[in-house]
Amino acid sequence: MGQKHTDLLRGTLDLLVLKALSLEPLHGVGISRRITQITKEAFTVSFGSLFPALHRMEERGWVEAEWRSSDNNRRAKYYRLTSAGRAQLKDEARRWNQVVKIMAAAVQST
Amino acid sequence: MPKRILSIFRNLFRKRAIERALDDELRSTLEALMQEKMEQGLSQSVARREALMEIGGIEQVKEGVRAVRAGHFVEDLARDIRYGLRQLRRNRSFTAVAVLTLALGIGGTTAIFSVVNGVLLQPLPYSHPGSLVGVGLDLPGINQFNWPLSPAEYFTFREQSRTFQDIGLYYTGFGGNIYSVNVTGLGRPEHVPALGVTDGVLPILEVTPLLGRSFTREDDEPGSSDTVMITYGYWRSKFGGDRSVIGKTIDIEGKPSTIIGVLPQRFRFLDMTNLGILLPLRPRTQRGYNYFAVARLKPGRTLAEANADVARMIPMQLERFPEAAEFFKEARIVPNLQPLKQYVIGDVGKVLWVLMGGIGLVLLIACANVASLLLVRVEGRQQELAIRAALGGSPGRIAGGLLLESLVLAMIGGALGLLFAYGGLRVLIALAPSDLPRLNDIGIDGLVLLFTLGVTILAGLLFGSMPALRYAGVRAGAGLRETGRSVSASRKRHRARNALVVIQVGLALVLLVSSGLMIRTFQALIHVQPGFTAPTEVETFHVHFPPEMIKAPERLVRMDQAILDNIEAIPGVSSADFSGAVPMDAGAESDPVLVKDHMLQGQLPPARKCFWVSPSFFRTMGIPIVAGRDLTWNDLLNKRPVAIVSENLAREYWHNPSDALGKQIGGSPKDWRQIVGVVGNVHDDGTSQEAPATVYWPITDSDVFLGGPAFAIRSARGGTQSFMNEVRRAVWSVDPDLALYEVHTLDYYYTKSMARTSFTLVMLALAGAMALLLGIVGLYGVIAYSVSQRSHEIGIRMALGAQRRDVLKLVVKGGMGLTVIGVGVGVAAALALTRFLSSLLYGVKPTDPLTFVVVSLVLTGVALFACYVPARRATKADPIVALRYE
């Protein structure tokens, strides 16, 4: 995700992060890798965008963070979706689908 | 969102903990990434480098996170202010110049605003001042406006009004003579400023006495016992604040009167400051249009409704006084009700808003100057800014920081400016014309402080936005790459500063033209012959005989004559007289004057200025006798029906002054007087007004003026203390109980008539001088800076054979180009703006070409000098040194 598209894609980034966290709590690198995976390597999120987004979502109460040990016994900060975050994910996904439908119709119209 | 506010505080106080957590998180992320890379078979050092690259700069990520963290704003602010202060401390001379410039601008603006606030904006010190109105009449038929009322109107309005809660009549004296009474029985006889009121006045103003009671309607009835109220100041000074003063008796005009009340300390009647005594007006014993009125409107009633109400009541007067029908028809009486505040302020608003505008321009120039300084400084800080950008400072953050530095600068300037204003206000009040109303209400109060704060912030944003906008977008690489070595500075960078110089020169021109126009006005006023000569040598004063003496006018004449004889015996007195009023003291009356062979049926004759004078009035004042003769004691003592008119009155009716002699004029159809002399015109309404057509009657026709005459003495010793002491002895040898008051030279009244013009002149000239100084400093700064930037280029030019003259021309041409554009812009702006001055000007048009040309030339000349000094320095530079220096 290029710096230039930040504004356009900020909503998208939030949606992707929420989606990535919807299965299980992850740390920063985990979220980055999960996004790459679920977008079939179409998007890579820079940490310069990811961390501010995570902290912003934490401020808003969509995610909670806790320190725990990772698979190979290293401590890492794990982010977990809160119930508000789940509601947000549902909401944003619905809106996104709407936009996609409208845009698809608009582009296909002659 | 209380939770969010809580988190702001938590973040503020737990800043360090949060920073540590962020560090931990980033470190663990780095480790996780390295682990990943090493698992792919990379060496530790390679893995570390790649991991760092993937994160993309730890500091940038941190800045990004900090920026979203609640509380980051407050935290950044505190840090930026600290940083800004450090920057300002580091550049002491820059800070000093900028702060001083701002303090001048903000201080001046604050001082003038405190005057505007005190005089124009502050409500009168009464409760619910909005529903208080002054009640007057306009008589467009005989060209008289804002006339006072007579007791007859008062009674009608009091009884018949539907819009007034109540109306009160008050008396402050007529013409320029302030009402005052002789008080005896309290030590030395005294003449105390007084106010006559009907019982309604104090309740209307919602003033309750500190001690005792207010006047009742009974006090106002003729025949009731004499009562008096005293002001707080008089109570303190005469009775030492003795609370048992109620019920005591003092002699007022020789009549024992009982003190019934003391007014509270904060009581002030309209604009009267040294009031001592309040007396019942007793309207049933009074007549004549000598009284002003104040009324309080019923709740919800508007001024327009009250005006309509009074218009409805005016014809009722006619039913009461059918004999005045002709006067009523001719005068076409209409109501003139105004908010009471408007009555107090009068027309001074115009002057004050012009001064406010002028000082506002000075502040703008000051801002332009500081903006210019800041642009230079921020250029010098390019590298620092570039480093901050490279370390992850967002453009917004850097611009915000620059803006904040400017605001800090503005705040320091504003604080110092407030001190300046405090001092300047004292000078200003001392300089202010004595007819400036509400002088005592001027001060620095909450509203003024708020204004200063607002102006300071606005100024800071104004001059701070230029460097902030200009250098916020500095690219990390660009700034870093560019070291100190710059060839000729880029044009673009100069454009902003050049624009500022043009604005400064233009604004300075506007102010200089304004003060130039005032100077021309003042010149024109001084060149108007007032009608009298050498006013500094004419000493004048009033005396006041007790009113019961007016019943014996013969005795008054003898007393006045005795005083005059004693005065004439003083060595060095060349002439003396007594009269009802002194020219320009606003004491002359305006009365209709009939002219026998120019009577128009059913038409009221126009009002003329009327003086009541004794013989040698004209000699004492230095008014020339154009035709005929002066009055004689024979005329006065034998009550011969004679009068003297001014030259313009004579020409109006008979074309030739000498043709007026022997013609008949009069104050009423039963009282004809023969014109025996024609005298020169006198500008009694001030030099800026046309000399009014004037009639001089013998003073023996007016018992009132015989009882309170103004003496005038022409002597080369006039105006000295020793002379006045001799005059006092001369008066007291006739009656030791007489108090002399309003002791002034004729020149005092002459100067006073121009006081408002000279005040405006001094203030605008001060503003103009500040503008010129700041503008020139600004121009000098720009030229000097561009010379220092171009020393390399100039060095090359000179090495290649350019003559000093060529270099001089090159530099000066640059500066003069800006000046000429600035002058052009300024002339255009001045042409548009000076018409706001037109009501203050006399004998000069707002577009006076001479003023515009001279000011433009002077400004250009000074600008030339400002360019020449740095240009000369440039040519002095040794080309070798200039080249090596870089």
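Reader: Which residues is G28(A) in contact with, leaving aside its neighbours within four places in sequence?
Author: This is a predicted model. In it, G28(A) is in contact with F47(A), L50(A) and F51(A) of chain A, and with E25(B) and T29(B) of chain B.

Reader: Is G28(A) buried or exposed?
Author: Buried. G28(A) has 24 C-beta neighbours inside 10 Å, and a residue needs 20 or more to count as buried.

Reader: Which element is G28(A) found in?
Author: Helix 2 of chain A, residues 28–38.

Reader: And how far is G28(A) from K101(A)?
Author: Their C-alpha atoms are separated by 32 Å. Along the chain, the two are 73 residues apart.

Reader: Back to the contact between the chains. How many residues does each chain give?
Author: Chain B gives 18 residues and chain A gives 16.

Reader: Which elements of chain B give two or more residues to that side?
Author: Helix 2 (15–39) and helix 4 (58–68) of chain B. Helix 2 of chain B gives the most, with seven residues.

Reader: How do the residues on chain B's side divide into nonpolar, polar and charged?
Author: Eight are nonpolar, seven are polar and three are charged.

Reader: Now the sheet in chain A. What order do the strands take?
Author: The order is 1-3-2. It is an open sheet of three strands, with antiparallel pairing.

Reader: Which strands stand at the edges?
Author: Strand 1 (26–27) and strand 2 (63–69) of chain A. Each has a single partner strand, so one side of each is left without a neighbour in the sheet.

Reader: How many bridges pair strand 1 with strand 3 in chain A?
Author: Two, in the antiparallel sense. Strand 3 of chain A covers residues 75–81. One bridge sets H27(A) against Y78(A).

Reader: Switching to chain B. How many helices and strands does chain B have?
Author: Chain B has 31 helices and 24 strands.

Reader: Why is chain B called more spread out than a compact globule?
Author: Its radius of gyration is 38 Å. The globule rule gives 29 Å for 886 residues, and 38 Å is well over that, so chain B is more spread out than a compact globule.

Reader: What box do its C-alpha atoms fill?
Author: Roughly 130 × 75 × 55 Å, taken along the principal axes.

Reader: What domains is chain B divided into?
Author: Domain 1 is 2–70 and domain 2 is 129–345. Domain 3 has two pieces, 494–527 and 751–886. Domain 4 is 535–750.

Reader: How far apart are domain 2 and domain 3 of chain B?
Author: Their C-alpha centres lie 56 Å apart.

Reader: What share of chain B is buried?
Author: Buried residues make up 41% of its 886 residues.

Reader: Then what about the largest nonpolar core?
Author: That core has 105 residues. Those with the most contacts inside it are V362(B), I365(B), A508(B), L509(B) and A771(B). Helix 13 of chain B, residues 349–380, brings the largest share, 18 residues.

Reader: What does A508(B) touch, leaving aside its neighbours within four places in sequence?
Author: A508(B) is in contact with I365(B), A771(B), L772(B), G775(B) and L859(B). There is also a second, separate core of 59 residues, which includes L556(B), A693(B), W697(B) and I713(B).

Reader: On to strands in chain B. Which residues of strand 7 are on each side?
Author: T227(B) and M229(B) are on one side, with V228(B) and I230(B) on the other. All are buried, and both faces of the strand are covered.

Reader: Which sense does strand 7 take with strand 9 in chain B, parallel or antiparallel?
Author: Parallel, over four bridges. V228(B) stands opposite I259(B) of strand 9. With strand 10 of chain B, strand 7 runs antiparallel, joined by two bridges. There, M229(B) stands opposite L278(B).

Reader: Which face of strand 8 in chain B is covered?
Author: The face with I250(B) and I252(B). T249(B) and D251(B) form the uncovered one.

Reader: And what do strand 8 and strand 9 of chain B form together?
Author: A hairpin, with two residues between the strands. E253(B) in the turn has a positive phi of about 50 degrees. The two strands pair in the antiparallel sense over four bridges, and T249(B) has T258(B) as its bridge partner.

Definitions and conventions
Residues numbered from 1 in each chain as written. Chains lettered and ligands numbered in written order. Predicted model: local features only at pLDDT ≥ 70, side-chain atom pairs only at ≥ 80, totals over all residues. Core = buried A, V, L, I, M, F, W, Y, C linked by C-beta atoms within 7 Å. Buried ≥ 20, exposed ≤ 12 C-beta atoms within 10 Å, placed from the backbone. Contact = placed C-beta atoms within 7 Å. Nonpolar A, V, L, I, M, F, W, Y, C, P; charged D, E, K, R; others polar. Rg over C-alpha atoms; globule rule 2.2 N^0.38 Å. Domains from an automatic or database assignment. Pairing = 2+ DSSP bridges.
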